[in-house]
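Subject: Structure handover

Hello,

Here is the structure I said I would pass on. Please look it over before reading my notes below.

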Amino acid sequence: MNGPITTRSVIVERQLPHPAEKVWLALTQGPLIEEWLMKNDFRPVVGHKFTFRSEPMPQWDGVIDGEVTEVQSHTRLSYTWSASGLKSVVTWTLTPVEGGTHLRMEQSGFRPDQEANYRGATYGWQRFISNLERVLGERA
């Protein structure tokens, strides 16, 4: 008998010199999301189905389908992330700290046979969150 499949997560954490309200806007407002992540039709409403779109690349059509699963204004946002056979969940947690906000992003659900997806996400999220930091800094 086989046991449960063990999955892995990509986790990125940053201390941002911005209030949680400002970070929340960048995570939930479509035009801002487009500046640091991808084109989208995102809305921070539980049950809302959305699509992130970018340029297609080898092995990927550039489309990510998602559904919002949790919204706790200014503190927690979670949505499904489905692309190229990967079914995962992205969860953002914002914690106010002195001088700004502690941001934690976790993308969970990478199966052992999805090493390429895991490596791609590990690289991609570092870049996306650097872009997020840039966008937040430009809108100070």
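This is a predicted model: local features need pLDDT of at least 70, side-chain atom pairs count only at pLDDT 80 or more; totals for chains, interfaces and linings use all residues.

Buried residues in α3 include Tyr-118, Ala-121, Trp-125, Phe-128 and Leu-132. Among the elements that cover the buried residues of α3 are β1 (8-16), α1 (20-28), β5 (76-83) and β7 (100-110).

The largest pocket has a volume of about 690 Å³. It is lined by 25 residues, and those closest to its centre are Met-57, Trp-60, Gly-120, Ala-121 and Phe-128. Helix α3 gives the most to this lining, with 10 residues. By type, the lining holds 15 nonpolar, 8 polar and 2 charged residues.

The salt bridges come to 8. One of them pairs the side chains of Arg-8 and Glu-115, at 2.4 Å from N to O. Arg-8 is in strand β1 and Glu-115 in helix α3, so this pair ties together parts 107 residues apart in sequence. Glu-115 also meets Arg-119 in a salt bridge, at 3.7 Å from N to O. Both of these residues lie in α3, 4 residues apart, about one turn of the helix. Through shared partners, Arg-8, Glu-115 and Arg-119 are joined into one network. Arg-119 is exposed, at 51% relative accessible area, while Glu-115 is partly exposed, at 33% relative accessibility. Elsewhere, Arg-76 forms a salt bridge with Glu-70, with the closest N and O atoms 3.0 Å apart.

Regards

Note on methods. Residues are numbered from 1 along each chain as its sequence is written. Side-chain values use heavy atoms; hydrogens and water are left out. Buried means under 20% relative accessible area, exposed over 50%, partly exposed in between (1.4 Å probe, protein chains only). Helices (H or I, at least four residues) and strands (E, at least two) are DSSP runs, numbered from the N terminus. Contact means heavy atoms within 4.5 Å. On a 1 Å grid over the protein atoms alone, a cavity is a set of points where a 1.4 Å probe fits but cannot get out, and a pocket is an open set with protein on both sides within 12 Å along at least five of seven lines; lining residues have an atom within 4 Å of a point. Grid points are joined across faces, edges and corners, and a volume is the space filled by probe spheres set on the points. Ala, Val, Leu, Ile, Met, Phe, Trp, Tyr, Cys and Pro count as nonpolar, Asp, Glu, Lys and Arg as charged, and the others, Gly among them, as polar. A salt bridge is a side-chain nitrogen of Lys or Arg within 4 Å of a carboxyl oxygen of Asp or Glu.
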